[in-house]
Amino acid sequence: MWRLVRMVKIKTPGDFWGGLASMLVALPASVAFGVTVYSAISPHYAVFGALAGVLGAATLGIIAPTLGGTDRLISAPCAPAAAVLSAFAMAWVAQGVPATQVLLLLTVLGMLAGLIQLGIGLVGLGKLIKFIPYTVVSGYLSGVGLIIMGSQMPHVLGVDAALPWWQALWSPALWDVRSLVVALATVLTGVLAAKFIQAVPSTILGFMAGLLAYFGLAHFDATMLELNDNPLVLGALTATGDGYLKTIMGRWQDMGELKLSQVAALVSGALTLAVLLSIDTLKTCVVMDQKNRSRHDPNRELMAQGLANLTASGIGGMPGAGTMGATMVNLSSGAQTRVSGMVEGVLVLVAGLLLGNFMAWIPVAALAGILMVVGWRMIDLEPLHFLESKATVFDFLVVLVVVGCALTVGLIAASAAGVALSILLFVREQVGGSVVRRKTFVNQRSSTWCRPESEMRLIAEKGDTAVIFELQGSLFFGTSYELYALLEPEIKTRDYVVLDMRWVQAVDITAAHMLSQVRDTLRERGLPLLLSHVREQLPNGHNLVAFLTQTGLLGPASGVQVFDTLEDAIEWIEDQLVGHMDSAHTEEVPLKLAEMDLFQGRKDDTLADLEAHMHQRSVKAGEAVYRLGDPQRELYLIQRGTVRIMAPISGSRQLHHIASFGRGDFFGGLAFLDDRVRSDTALASTDTDLYVLPLDQFNRLAEEHKKLALILMTAISRTLAQRLRHADGERTLLHV
């Protein structure tokens, strides 16, 4: 064993010192947790609780980091395990269950929890635990902290452990001043030392203060130096008359006599314990990821923790989890890898073997004081800030309900109540928020297609017959009625209704049925329902296309038209409004200059001079007319075909489709007017024929035909101004 420690020390000295420092934190706390659980059975079992804490810390410390993958994580018995196990122990004792049977049930409970953790990791559910609401976790941890503090109150005051804490607190005549002094010395040192001393963990200093206080009082009270029948200390291992190994072997023999119904009754408690231990572990792992800039594997970690808890419980040890306190001490002591966790486990075992006789003299009040500090630190005071805003008052009530249920009903009921209330609050929030991100009309928006002025005027006149709803959030039973109420007047009066699904997070069966009603209403009027951005992959992982097809909304002859983007849907509506549809199969005849809107009414000889300064160019579909960064200063007029303009947006290197130009349009005007390189890329969507006017040829034309050059420049500027005015209007609308 020492050889293993030396090997680790030589290879990774930081891991050795980190393991040593974390052992000094984990060992006293583990002993205290074990004593808490076993004292609930009988004060005579307290020493077995101390050994259970040692065995749990050693087993978890060795197995969990060996199989887990999170560096510097320290696993040991923890407060949630102590709270759950002691609660069950007290309940069984109150029901009259014999002490030996209680020990057996605690062992099986811990093993079942380990098996459940192992199963959670194996089926890959580790990632789901992180979705437990913060309010539930906060309230649960605060409730556990209060339970721990309440359970330790009799030990702090030196009264009968079976006495409820409120009775013990209000019965000063029963108090043992010696226990109170030892506990106060432990608590005050543990709380105050952290503010002044950083080199040594405060729990160690508190424990040492409790020891000094006890033996200081023993100088004046000789009975405190006697081991037998001394309720102030744990006592010798032989206090129950049975050896520890004999007790463990007896548990295994009795385990075969358990009925299936008895084991089944433990499943719900084991599930609660497994979830708590998993949350405690993964919460610590998340913090370590933030510190180390790493990413842990939750499923692997839970499998390792589950196997460690299964083994620890099987040999009579305390189950546990990845603990925050010891882990942070490990990190601050220079640990680098998960070897530090193995070192901690080995050193706990060594310390337990060497200091077994010393454990008999550990003051019960000192351990109780440590747990009082641990319990206090578990209480989350952050939710008190929820009272500062009306928007978070209900979240505070969730925390309060969880704490109340934990203290009065039980930990299982607290979890169920917290999750149920959180779900209700979520549904309330979703119902209260609008699922319509923006409502606009086609005459307020435009597609990426740059149309002639005559068509733009027609679209402006008829555009209010086409309404666009940009949807957002979750479309589910709680928001379907509200959405239908907004859509109902539009589907009865508008010719075109577009539902854009770009910002939709989820859709349920109720929402799909509501959309089918909208489709049916439009179909009765001979109109289609238009959908855009219907994605195959929603943020929740569901295939929206497959889901809407399965529910009957989409499909052949469904009366629904689906477009890839909102711009495609708007373009289709614009074509309907202007009375024509561009067909890919229509053979276009190349336009002459006189046939283009830009030069209507100009004299033939003038246009002949202009054409003489141009050259013609043909571009195949998919080829670039020019690319981003090109220096050419040329103006392009489209005789035949379609050109798409692609440009980067918001500093991104990826090019996005921002405009389309067709037969009779011109493009490339910005670089033609200023002295800069191309800020976009022009790609031919179809085989395209172009008139190309270089800037140097335009300058020659201006010298020979000043009026023609002025007419051309005026026409270009007027068209660019119209496009800019329309773009500014859309930008203003989108920022409202």
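Which side chain meets that of aspartate 520 in a salt bridge? Good morning, colleagues. The partner is arginine 519, with 3.1 Å from N to O. A salt bridge here is a side-chain nitrogen of Lys or Arg within 4 Å of a carboxyl oxygen of Asp or Glu.

The model is predicted, so local features need pLDDT of at least 70 and side-chain atom pairs count only at pLDDT 80 or more, while totals for chains, interfaces and linings use all residues. Residues are numbered from 1 along each chain as its sequence is written, and side-chain values use heavy atoms, with hydrogens and water left out.

Let me begin with the overall picture. The protein has 28 helices and 15 strands; these are DSSP runs numbered from the N terminus, with helices (H or I) of at least four residues and strands (E) of at least two. Of its 736 residues, 50% are buried. Buried means under 20% relative accessible area, exposed means over 50%, and partly exposed lies in between, with a 1.4 Å probe and protein chains only. Among contacts with a separation of 6 or more, 80% join residues 24 or more positions apart, a contact being heavy atoms within 4.5 Å.

I turn next to the interior. A nonpolar core is a set of buried Ala, Val, Leu, Ile, Met, Phe, Trp, Tyr and Cys residues joined through side-chain atoms within 4.5 Å. The largest such core holds 94 residues, and Val31, Phe33, Leu106, Leu234, Met318 and Leu367 touch the most other members. Leucine 106, not counting residues up to four places away in sequence, touches Val37, Ile41, Leu85, Ala89 and Trp92. There is also a second, separate core of 31 residues, which includes Val436, Leu483, Ile491 and Met514.

Beyond its neighbours within four places in sequence, leucine 27 is in contact with Val54, Val348 and Ala351. Leucine 27 and proline 77 are 50 residues apart in sequence, yet their C-alpha atoms are 9.1 Å apart in space.

How do the helices pack? Helix 8 (residues 177–196) and helix 17 (residues 364–378) pack at an angle of about 40°, with their axes 8 Å apart. Axes are lines fitted to C-alpha atoms, for helices over the stretch in contact, and angles run from 0 to 180 degrees between N-to-C directions. Helix 8 is therefore oblique to helix 17; angles under 35 degrees count as roughly parallel, over 145 as roughly antiparallel, 65 to 115 as roughly perpendicular, and the rest as oblique. Among the residues making this contact are Val182, Thr186 and Gly190 of helix 8 and Ala366, Gly369 and Val373 of helix 17.

The second pair is helix 4 (residues 79–94) and helix 6 (residues 134–157), whose axes come within 9 Å and cross at roughly 65°. Their contact is made by Ala79, Pro80, Ala83 and Val84 of helix 4 with Tyr140, Val144, Ile147 and Ile148 of helix 6.

Let me now return to charged residues. Side chains of opposite charge can pair when their charged atoms come close. The count of salt bridges comes to ten. In the pair that opened this talk, arginine 519 is buried because its relative accessible area is 8%, whereas aspartate 520, at 29%, counts as partly exposed.

Glutamate 470 and arginine 438 also meet in a salt bridge, at 3.0 Å from N to O. That pair links distant parts of the chain, 32 residues apart: glutamate 470 belongs to strand 4 (residues 466–475) and arginine 438 to strand 3 (residues 436–441). Both of these residues are buried. Lysine 492 and glutamate 488 form another salt bridge, at 3.4 Å, and glutamate 488 is partly exposed at 29% relative accessibility. Asp176, Arg178 and Asp221 are linked in a network of salt bridges.

I close with two loop residues. Arginine 72 has a phi near 70°, a positive value in a residue other than glycine, and sits in the loop between helix 3 (46–67) and strand 1 (75–77). Histidine 533 has a positive phi near 55° and is found in the loop between strand 6 (529–532) and helix 23 (544–550). Arginine 72 is buried at 13% relative accessibility, and histidine 533 is buried at 17%. Thank you for your attention.
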